[in-house]
Amino acid sequence: MALLRPRAIAVATGVPVLFAVLATGLAIAPAQPRASADEVTAAVAAPVVPIAPFAVTMADPRALHRAIPVVHRVRTHDPVAFITIDDGVHKDPAALAYVRRLRLPVTAFLSAWTIKDRAGYFTALTTWGSVQNHSATHASFADRKTDLAYEICYSQRALSRDFGTTPWMLRPPYGEGIHRFGTVMNAERCDIDQIVLWDATVHDGRVQFANGRLRPGSILLLHFTPDLARDLRAAVRAVRAAGLTPASLAEYLHAPSSAT
Ligand SMILES: [Zn+2]
């Protein structure tokens, strides 16, 4: 009988997420409102969890939950990179115009509380990409007081209602709390297939890399700031300078090449 069927993990760092689920916490940098060098460092350092022996038993109810892959960079040999934009407080019209002009595939990780009546902006912005889940209130998932069921499952319902499709990627705010049992359990319960982080950030027109440079499959993190158009131009420049092309994250995370 297959008691445990850990899914293939499309994670650049090779983290055994099944066992990472059992980790009780992470050393986490203080919450920051925007991408920063610390955020890049945290994204890379966070999932270093030792490989445990296969000793989980059926007596442990946590073992019944499947692993949720954590992705920092998509495993692909295609010359592509992925532009993702977080939060949703500001809706920069110039950014939308730029996305439309380039027909740019972007993934919007939205916090449900920030959308309100402006869903149309994000619908247009993600014409060639997709809308995904970035919590309800932007509370840190590492905070024991955070209601993870609300943050993950309420936002799934709200985003589904606003955009007509249910998100299946989750990016916890600040990249924190990804291995908490409550995160994984609620993500599984509410139709999340992938936890998606990043390996590069773009802020104030500057690109910072977690691993020195962009590589095929790199995921760039931007934010919905008043300067989003400038950051998008910087991201596209960096992607092209690396010999890559922006591509749709949703298409690649569903591609067989990612399931290795
Ligand atoms: Zn955020």
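## Zinc site

Donors are N, O and S atoms within 2.8 Å of the metal (3.2 Å for Na, K and Ca), and water is not among the atoms, so sites may look incomplete. In this predicted model, local features need pLDDT of at least 70 and side-chain atom pairs count only at pLDDT 80 or more, while totals for chains, interfaces and linings use all residues. Residues are numbered from 1 along each chain as its sequence is written, and side-chain values use heavy atoms, with hydrogens and water left out.

The zinc ion is held by Asp87 through OD and by His134 and His138 through NE2, at 2.0 to 2.1 Å. Along the chain, these donors have the spacing D-x46-H-x3-H. Burial is judged by relative accessible area: buried means under 20%, exposed over 50%, and partly exposed in between (1.4 Å probe, protein chains only). His134 is buried at 1%, and His138 is also buried, at 18%.

## Salt bridges

A salt bridge is a side-chain nitrogen of Lys or Arg within 4 Å of a carboxyl oxygen of Asp or Glu. Six of them are found in a search of the whole structure. One of these joins Arg171 to Asp86, with 2.7 Å from N to O. Arg171 lies in the loop between β5 (169–170) and α6 (181–189), and Asp86 in strand β2 (residues 80–87), so the pair ties together parts 85 residues apart in sequence. Helices (H or I, at least four residues) and strands (E, at least two) are DSSP runs, numbered from the N terminus. Arg171 is buried, with 0% relative accessibility, and Asp86 is buried at 2%.

Another salt bridge links Arg161 and Asp162, at 3.4 Å from N to O. Here Arg161 is exposed at 60%, and Asp162 is partly exposed at 27%. Asp227 and Arg230 also form a salt bridge, their closest N and O atoms being 3.4 Å apart. Asp227 is partly exposed at 33%, as is Arg230 at 37%. Together with Asp204, Asp227 and Arg230 are linked in a network of salt bridges.

## Aromatic rings

Rings of Phe, Tyr and Trp (its six-membered ring) pair if their centres lie within 6.5 Å; planes under 30 degrees apart count as stacked, over 60 as edge-to-face and the rest as tilted. The whole structure has six aromatic pairs. Among them is the edge-to-face pair of Trp113 and Tyr150, with 6.4 Å between centres and 85 degrees between planes. Trp113 is in the loop between β3 (106–110) and α4 (119–125), and Tyr150 is in helix α5 (residues 148–163), so this pair ties together parts 37 residues apart in sequence. Trp113 is partly exposed at 46%, and Tyr150 is partly exposed at 28%. Ring pairs join Trp113, Tyr150 and Tyr154 into a cluster.

Arg171 also takes part in a contact with a ring: Arg171 lies over the face of Phe109, 4.3 Å from the ring centre. A charge sits over a ring if NZ of Lys or CZ of Arg is within 6 Å of the ring centre and within 35 degrees of the ring normal.

## Helix α7

Helix α7 (residues 228–241) has 14 residues and spans 20 Å from its first C-alpha to its last, close to the expected 20 Å. The expected span is 1.5 Å times one less than the number of residues. Buried residues of α7 include Leu228, Asp231, Leu232, Ala235 and Val239. Just after α7, Gly243 has a positive phi of about 80 degrees.
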